[in-house]
Amino acid sequence: MTDLSHYRNIGIFAHVDAGKTTTTERILKLTGKIHKTGEVHDGAATTDFMEQEQERGITIQSAATTCFWRDHRFNIIDTPGHVDFTVEVYRSLKVLDGGVGVFCGSGGVEPQSETNWRYANESGVSRVIFVNKLDRMGADFLRVVKQVKTVLGANPLVMCLPIGVEENFVGLVDLLERKAYVWDDSGLPENFEIVDIPADMVDLVEEYRVQMIELALEQDDDLLMAYMEGEEPSIEEVKRCIRKGTIALDFFPTYCGSAFKNKGVQMVLDAVVDYLPCPTDVVPQPLTDEEGVETGEHAIVSVTEPLKALAFKIMDDRFGALTFVRIYSGVINKGDTILNSFTGKTERIGRMVEMHADDRNEISRAQAGDIIAIVGMKNVQTGHTLCDPKHPVTLEAMIFPEPVISIAVKPKDKGGSEKMGVAIGKMIAEDPSFRVETDEDSGETILKGMGELHLDIKVDILNRTYGVDLIVGQPQVAYRETITQALEDSYTHKKQSGGSGQFGKIDYRIKPGEPGTGFVFSSVVVGGNVPKEFFPAIEKGFKGMMDQGPLAGYPVLDVEVELYDGGFHAVDSSAVAFEIAAKGAFRQSMPKAGPQIIEPIMKVDVFTPEDHVGDVIGDLNRRRGMIKDQEAGVTGVRIKADVPLSEMFGYIGSLRTMTSGRGQFSMEFSHYMPCPQNIANDVIAEAKALKEAKS
């Protein structure tokens with residue numbers, strides 16, 4: 001039975017290009033997991049194993065690996081830095097206990113660092129900070145420390161200081177131990193020596209050491225009082241306080257170095273062991289009921305408890321579907337039957353593997369604290385809870401952001417349709433932020449994602465991985481039609497051509513309905529002018545016509561029809577006759593009821609640094625947006641607005657330009673509103689042109 005206090009489940013996250021993947025490579029080399037380090041710029045990094053990652057030099061999907069340091073087991077997830085793939089960071093943070101936030105020594109706290117930091121705060125994940133690339137031009141460790149305070153509103157606990165800057169960066173001073181580590185030029189991480197602290201740094205080292213000890217000892221009043229009275233705490237006592245404060249998110253131990261040059265990574269590994277929590281140190285995952293409401297109970301991390309595990313990622317690779325699982329309590333053995341509490345179905349565990357990027361190591365048993373992959377699970381999706389069939393529970397589910405951009409695609413040849421269907425099914429299972437639907441109006445397949453790069457990668461994967469050649473078109477806005485005036489009308493359907501004829505007369509009122517009600521039919525007919533058995537046929541006739549409005553052929557919304565009188569013939573009236581009468585009535589009355597085009601309005605939530613608020617609001621107003629709310633936070637301002645969907649295409653590019661890449665937004669459908677007349681005229685003209693082209 002493994003001792004859970006020796007487990008560290010950590011993620012490595014940062015802004016794109018801050019050096020996360022390179023740092024992960026160095027960790028794997030130092031822990032003996034790999035024997036040759038691969039470089040991102042050569043496309044040879046272990047955790048960047050997708051073709052698209054190797055070509056673009058970015059991480060697209062999070063990769064898991066396991067290694068050991070000082071008798072401690074590290075389950076590491078290397079996450080993407082690009083804004084379009086934040087879902088990978090979010091779901092990784094959901095199952096991790098700690099993290100390493102990597103910042104660029106010259107770039108400092110960059111936009112995606114802010115987003116990831118916000119996610120980590122929301123998930124309550126303890127972190128250590130690694131300021132990387134100190135050998136770069138313009139690198140400044142203390143400037144980045146200051147940015148962590150001002151931009152992130154966080155409290156960095158400086159644990160070391162760099163010796164030399166930029167190309168003269170040679171080593172570090174460990175403030176706690178008062179030791180200076182200097183590396184030689186060989187580039188090997190083990191080639192360092194411990195030397196005296198440089199004379200010109202002695203005062204600075206003492207100044208920062210005092211700050212570090214005072215901040216750490218705030219975790220223990222007795223030690224702090226003794227220190228104030230001149231009693232120096234032991235290194236072990238200071239470490240205990242740092243660990244306590246780190247787990248409580250009171251501060252974040254901050255280190256520096258150059259992962260590429262192999263300087264300073266050992267100290268980060270030591271910090272993971274010394275200060276980041278093991279699975280039993282963190283607040284347990286809340287349990288919920290079937291509706292997703294928390295029950296007040298938690299998944300206690302223990303090997304002796306019944307099984308509770310969360311599926312946090314699905315990946316389809318050359319060996320089949322892999323389900324990544326974080327086990328919170330209990331044990332899974334090969335051959336066990338487990339329950340998926342979301343579907344209510346049980347599944348048998350066939351093969352389990354420990355992942356090392358895209359390689360795997362077969363295992364027959366896994367326990368609380370482990371992050372593993374299960375091969376060949378059938379009905380499990382991201383966010384599903386796996387548990388003991390005798391003790392069904394549901395862990396707090398994952399909530400994924402709604403896609404913000406969509407494109408229309410279709411295969412170049414007929415054979416591609418089937419291949420595309422299969423491929424898209426797999427891709428949706430892998431990536432919950434990627435959605436697909438069929439546009440009923442055009443029959444096109446609409447791909448929806450988090451940004452242009454996101455969809456670009458998806459099209460690339462469909463093309464290269466699954467061999468589907470696509471024609472990529474422009475997204476279409478889903479306009480609708482409604483009416484603005486109430487009217488009373490009458491319609492008679494009469495057909496006589498030998499034998500029994502058809503007869504149906506209806507007197508009715510049509511009026512605009514409440515927004516969001518769709519189509520409502522009612523009858524106030526008294527007496528036997530229209531027999532009750534014909535009411536369903538009349539309703540069916542009207543309802544069947546709602547799919548095509550009189551202006552541009554878009555579906556009609558929010559219309560009420562009330563039948564108040566009519567007439568029938570004892571022989572010629574039938575359900576079919578009254579249905580045809582209702583259809584004729586719709587065609588006759590809708591053009592007279594003040595029809596208008598309505599457009600989808602999106603609820604838009606924009607996050608921007610404070611100095612760009614005016615630009616963002618001005619731009620939203622130009623896009624016909626209505627500003628609803630502004631909310632100031634530590635790292636920026638959230639602006640909430642209602643904006644027409646047609647004005648939001650390409651918004652992500654404009655927002656990034658306005659905010660120097662630091663802005664972010666999400667949007668979801670809110671309601672329909674009337675279109676301005678000039679836009680309605682364009683929509684109607686376009687629909688007519690399309691109709692003529694088809695005929």
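1. In this predicted model, helix H6, which covers residues 202-217, and helix H8, which covers residues 235-247, have axes that come within 8 Å and cross at roughly 65°. Two packed helices are described in just these terms, by the angle between their axes and the distance between the axes. The crossing in which H6 passes H8 is left-handed.

2. On the side of H6, the contact between these helices is made by Met212, Ala216 and Leu217, while H8 contributes Val238, Cys241 and Ile242. When the residues of this contact of H6 with H8 are divided by type, 6 are nonpolar, and there are no polar and no charged residues among them.

3. Turning to the strands, there is an open sheet of 3 strands in the order S13-S12-S24, and its pairing is antiparallel. Strand S13 (294-299) and strand S24 (394-395) are the edge strands, each of which pairs on one side only.

4. Within this sheet, strand S12, made up of residues 285-288, pairs with S13 in the antiparallel sense over 3 bridges. If you wish to follow the pairing at the level of residues, look at Pro286, whose bridge partner in S13 is His298.

5. A further residue to look at is Thr608, which is found in strand S34, spanning residues 595-608. Is Thr608 buried or exposed? Thr608 counts as buried because its relative accessibility is 0%, and the cut-off for buried is under 20%. Leaving aside the neighbours within four places in sequence, Thr608 is in contact with Val613, Val616, Gly636, Val637, Ile639 and Thr659.

Notes
Residues numbered from 1 in each chain as written. Predicted model: local features only at pLDDT ≥ 70, side-chain atom pairs only at ≥ 80, totals over all residues. Heavy atoms only, no water. Axes fitted to C-alpha atoms, helices over the stretch in contact; angles between N-to-C directions. Helix = DSSP H or I, 4+ residues; strand = E, 2+ residues; numbered from the N terminus. Left-handed = near helix turned anticlockwise from the far one by under 90°. Contact = heavy atoms within 4.5 Å. Nonpolar A, V, L, I, M, F, W, Y, C, P; charged D, E, K, R; others polar. Pairing = 2+ DSSP bridges. Buried < 20%, exposed > 50% of the residue type's maximum accessible area, 1.4 Å probe, protein only.
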